[in-house]
Amino acid sequence: MIGLYRPGTSLVHRAPALLKLVVLAVLMVLVGVVADPVLLAGEFALVLALYALAGIPPLAAWPQIGPILWILVFAVPVQVLVAGGSADGWTTAGLMAGRLLVAVALAALFTLSTTVTAVLEAFQLILRPFRRWVDADRVGLLVALTIRCIPLVAEIVREVLEARRARGAQASVTALAVPVLVRSLYAADAIGEALAARGLDD
Amino acid sequence: MTTAGIRFEGVSHGFDENPVLRGIDLQLTERRIGIVGANGSGKSTLARMINGLVTPERGTVTVNGLDVKRQAKLVRREVGFIFTNPDNQIVMPTVQEDVAFTLRRRGLDAAEIAARTAEALDRFGLTALADRPAHRLSGGQKQLLALAAVLVAGPSIVVADEPTTLLDARNTRLITGLLVSLTQQVIVVTHDLEVLDGFDRVIVIDEGRVVADDLPPVALAAYLSLLA
């Protein structure tokens, strides 16, 4: 969700996030239970149609789908080997790979067409019946901060790795772990202070 | 006695053997006030007290009659705070969402949030960057975003703690120009004396005490002689 959202005005973009989450869940279940390659091909065609409807080129999902292919490079041969190299084994392995690709492409479409704010609002809507026990705003803030902190920590790690190289300590785990931990804690403290300043500790 | 403005009365803070602030009495009513001092002089602590981020151990700080210790929530609606590192201030992934985030916490309806967010983005030249990931902005753009996210809430006072320290000369001029142009009361803590051009008053802090408090030329001369 970090910087992947592609602005648009399509039906997919405008649909409520909660509805999209429900549709996503239903399609995921269907993808999971399908055992016929033809039906799976139909689901793949549906995914392509949804991308077209959203006006998002399927290649935009590549950064999320790409890493899955590496897993499949190992998982498919293992699946075939487990099945004794039979034709059924190849079919099962093909189905498994297809299911995974369709599922990731669907999830990517949700990410590409939905803002974090919309997701937070959906969370708050889901949690509304439990408001006596759960503060939906706090949960929303927690999710937002978690998403926000990923690039922040990644930047800290990048800078520490650079500093470690500059000091010729590439092999030292301590020279990576200690500064990353200390700087992350300082950053957490500073973010907490900034949140308080923005009136978010009410 | 007027309640308008910021008032420090007998404020001391920190451990007895190493106090951060000692016996501060100030009334801040001017529109543009600069606070300068060496590292560790206590100027940032002083600025944080205006927003209630730090509460005084002795004495009182009031903002428009509100006590920062007892009425911190109300004080923070009056006082917007800009930090040195805008990265710590950005909560949401995109520019537009971060500006809107402040308003969402105020319980405003969606239409008003959208209108006020669009207005703030336009005012700070961020409209074209509205959907850009906030963490990928340049330093100057991030500080602009931090300023927009603070001002969209409509504070009457803006406190900025070394807002130009991480910026280049061009962005320093940009942020300084914006701070000076604000209609709000602006209090800037800085090491960059050029930022204080056109300010009404400058306070010099040294070892937790106010050692000069005057018009900028007089106070800055005192500060420079302190550094010499």
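**Close-up views of a two-chain predicted model**

**View 1. Chain B as a whole.** Chain B has seven helices and ten strands; helices (H or I, at least four residues) and strands (E, at least two) are DSSP runs, numbered from the N terminus. Its radius of gyration is 18 Å, close to the 17 Å that the globule rule gives for 228 residues, so chain B is as compact as a globular protein of that length. The radius of gyration is taken over C-alpha atoms, and the globule rule is 2.2 Å times the number of residues to the power 0.38. Along the principal axes, the C-alpha atoms of chain B fill a box of roughly 50 × 40 × 30 Å. Of the 228 residues, 48% count as buried. A residue is buried if 20 or more other C-beta atoms lie within 10 Å of its own, exposed if 12 or fewer, and partly exposed in between, with C-beta atoms placed from the backbone.

This is a predicted model, in which local features need pLDDT of at least 70 and side-chain atom pairs count only at pLDDT 80 or more, while totals for chains, interfaces and linings use all residues. Residues are numbered from 1 along each chain as its sequence is written, and chains are lettered from A and ligands numbered from 1 in the order in which they are written.

**View 2. The open sheet of chain B.** Six strands form an open sheet with mixed pairing, in the order S6-S7-S8-S3-S9-S10 (chain B); two strands pair if DSSP finds at least two bridges between them. S6 and strand S10 (209-214) of chain B stand at the edges with a single partner strand each, so one side of each is left without a neighbour in the sheet. Strand S3 (residues 32-37) and strand S8 (residues 185-189) of chain B run parallel and are joined by four bridges. Ile33(B) stands opposite Ile187(B) in S8(B).

**View 3. Chain A as a whole.** Chain A contains eight helices and zero strands. Its radius of gyration is 22 Å, whereas a compact globule of 202 residues would have one near 17 Å. The C-alpha trace of chain A spans about 60 × 50 × 35 Å along its principal axes. Of the 202 residues of chain A, 18% count as buried.

**View 4. The contact between chains A and B.** Chain A gives 25 residues to the contact and chain B gives 24 residues; two residues are in contact if their C-beta atoms, placed from the backbone, lie within 7 Å. On the side of chain A that touches chain B, the elements giving two or more residues are helix H6 (116-127), helix H7 (136-166) and helix H8 (174-197) of chain A. H8(A) gives the most, with seven residues.

**View 5. Helix H8 of chain A.** H8(A) has 24 residues and reaches 34 Å from its first C-alpha to its last, close to the 34 Å expected at 1.5 Å a residue; the expected span is 1.5 Å times one less than the number of residues. Its buried residues are Ile191(A), Ala194(A) and Ala197(A). They pack against helix H1 (43-51), helix H2 (72-78) and strand S6 (79-82) of chain B. Gly199(A), whose phi is positive, near 80°, follows H8(A).

**View 6. The loop at Pro16(A).** Pro16(A) is found in the loop between helix H1 (11-14) and helix H2 (17-33) of chain A. Pro16(A) is partly exposed, with 13 other C-beta atoms within 10 Å. Its C-alpha atom is separated by 13 Å from that of Gln124(A), 108 residues apart along the chain.
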